[in-house]
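Subject: Structure handover

Dear colleague,

Please find the structure for your review below.

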Amino acid sequence: MEFKTSYDAIVVGAGMSGMAAAIRLAMFDRKVLLIEKHSIPGGLNSFYRRANRNLDVGLHALTNAVPKGTRGAPLTKLLKQLRIPYENLKLCPQTYSLIRFPEKTLSFSNDFNEFDELIKTTFPEQFSGWTNFVTAIKDFDETNLQNEYFSAKEKANEFLSDPLLIEMVFSPLMIYGSAWEHDMDWSQFVIMFKSIYLEGLGRPVGGVRTIIKLLTDKLKELNVDLRYSCELQSIESVDGKVSTVLLKDRKLGELSIQTQQVFSSIGLPETMDKTNHKEANIRAGNMSFTESIFFLKEKPRELGQNATLIFHNNRDQYLYQKPKTLIDDQSAVICLPNNYHDDNEFEEGIVRVTFMANNELWTNLSEEDYKAQKEIVSQKAKALVSTYFEKEATFIFDDTFTPKTVTRYTSHYAGAVYGSPDKTRDGKTAIDGLYITGTDQGFLGIVGAMLSGISMANYHGLQGGAQ
Ligand SMILES: Cc1cc2nc3c(=O)[nH]c(=O)nc-3n(C[C@H](O)[C@H](O)[C@H](O)COP(=O)(O)OP(=O)(O)OC[C@H]3O[C@@H](n4cnc5c(N)ncnc54)[C@H](O)[C@@H]3O)c2cc1C
């Protein structure tokens, strides 16, 4: 691909939001350059291959998994905006998922009524408050870009008085999408509640690769200039407006390209550090994770476990925070990709175990200690998973990634998977023409990031900022 000397828009980062933004802009004949620092697309939702096996990085579950044609649903809107037929996503729904605390266990599926009924029987005295809480969630417009930031826990306390119910309901939503520790922004909570409990979870057959291929095929069809191993170095502005970007391309070296619009998905502090408007008050995020991926001879069902996801917590309280040790082994998410409804894809059993992790502690280890600690994490994950099986599993192969890996492959400061706690809901920055998409615009997760790319492209690129 030859670089042009100027583009209508430059999109930075070929993750979910960057690819979606580039598609939308190119659909309306904008001349678009999409650059990606890494040699493959996907960002936080990517893949790799080890020992002849395909491993997914993101995607335990696609949220917002509604049946075809569900009117007004985010997934329906997303596919329509990207002109991707629903069938091409090859979406399989979850069986059910568990929220396991020492005292109680809840389960939820893609039928919200089942969850509702279970809360009625498990927390009978809370049920009328719960019903009002759900109504307040349903009635709230979480997509309004002008929404104020406020505590979801404070809001939940207006309706519910049992801390255990609050902790249990919050735990999957926090670990799947909160950049805040201990709490969530109310709008973000509503997004997550609707997308996980009210809509549901699924997995495309083929996992991450299926989603990425749908997006890269579209980019090709629309003639987007997509360049891998090409890094944004700096964004220059004149009179407060974007004018030029400086890139470092692995093959061509340094390049200067003119544009009036930059859509950056690399994070808010990461982006502002590429400009001369360094804003000291934007914090890097704290939440990072390790993940151990195991391949087993048996499928989890043969070992007596049918759940798709298990949100495991060994304390009465759910401590969603950067742990003071390398990992917090008292809580975890266990993902069992075989346990989506259609399991013709895998010949082996697969289990993924995610622990909250401390980025600095991992980063400061010597090479030797790093290897040894990864092995300890793997052993802890294996022991935990085994408690959820009725029979002994035969572990064949495993691999573990850490916050250090996340930083290396995505360049997010501190390996922060949910980005900075400081978001820019309308995508605007101190520089005219420089917009944030994805994680730090505040819509995260796979569907959320794609919706962010679409809405920022529509709002700033196609409608000139008119909502
Ligand atoms: C282990 C794990 C499990 C997850 N599980 C789920 C799940 O089950 N369900 C779900 O919905 N979500 C999940 N997520 C979250 C989801 O993957 C992300 O929220 C989403 O992919 C974020 O997309 P994004 O476009 O905002 O950012 P990113 O994916 O971070 O994309 C940013 C891109 O910018 C590139 N970049 C960085 N710096 C530069 C530069 N200077 N120049 C050029 N390019 C640059 C990066 O390489 C990256 O490709 C998970 C994430 C992880 C890590």
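The notes below cover the ligand site and then a sheet connected with it.

Please bear in mind that this is a predicted model.

Ligand site

The shell around the ligand counts 34 residues, of which E36, L44, H60, A61 and H412 come nearest. By class, 14 of the shell residues are nonpolar, 15 are polar and five are charged. Domain 1 (9-59 + 208-283 + 420-462) and domain 3 (286-410) both contribute to this shell, so the ligand lies between them. Among the secondary-structure elements, α1 (16-27), β10 (230-238), α12 (403-410) and α13 (445-462) each provide at least two shell residues.

- L59: 3.4 Å from a nitrogen atom of the ligand.
- H60: 2.7 Å from an oxygen atom of the ligand.
- A61: 2.7 Å from a nitrogen atom of the ligand.

Taken alone, the ligand exposes 1,000 Å², and the protein buries 97% of that area.

The sheet containing β10

Strand β10, which supplies at least two residues of the ligand shell, belongs to an open sheet of three strands in the order β10-β11-β12, with antiparallel pairing. The edge strands are β10 and β12 (253-258), each of which pairs on one side only. From one strand to the next, the twist averages 20°. Strands β10 and β11 (residues 241-249) run antiparallel and are joined by eight bridges. On β11, V242 is the bridge partner of S237.

With kind regards

How values were computed: Residues numbered from 1 in each chain as written. Predicted model: local features only at pLDDT ≥ 70, side-chain atom pairs only at ≥ 80, totals over all residues. Heavy atoms only, no water. Near = heavy atom within 4 Å. Polar contact = N/O pair within 3.5 Å; in protein donor to acceptor, adjacent residues only side chain to side chain. Areas by Shrake-Rupley, 256 points an atom, 1.4 Å probe, with all protein chains shown as cover. Helix = DSSP H or I, 4+ residues; strand = E, 2+ residues; numbered from the N terminus. Nonpolar A, V, L, I, M, F, W, Y, C, P; charged D, E, K, R; others polar. Domains from an automatic or database assignment. Pairing = 2+ DSSP bridges. Axes fitted to C-alpha atoms, helices over the stretch in contact; angles between N-to-C directions.
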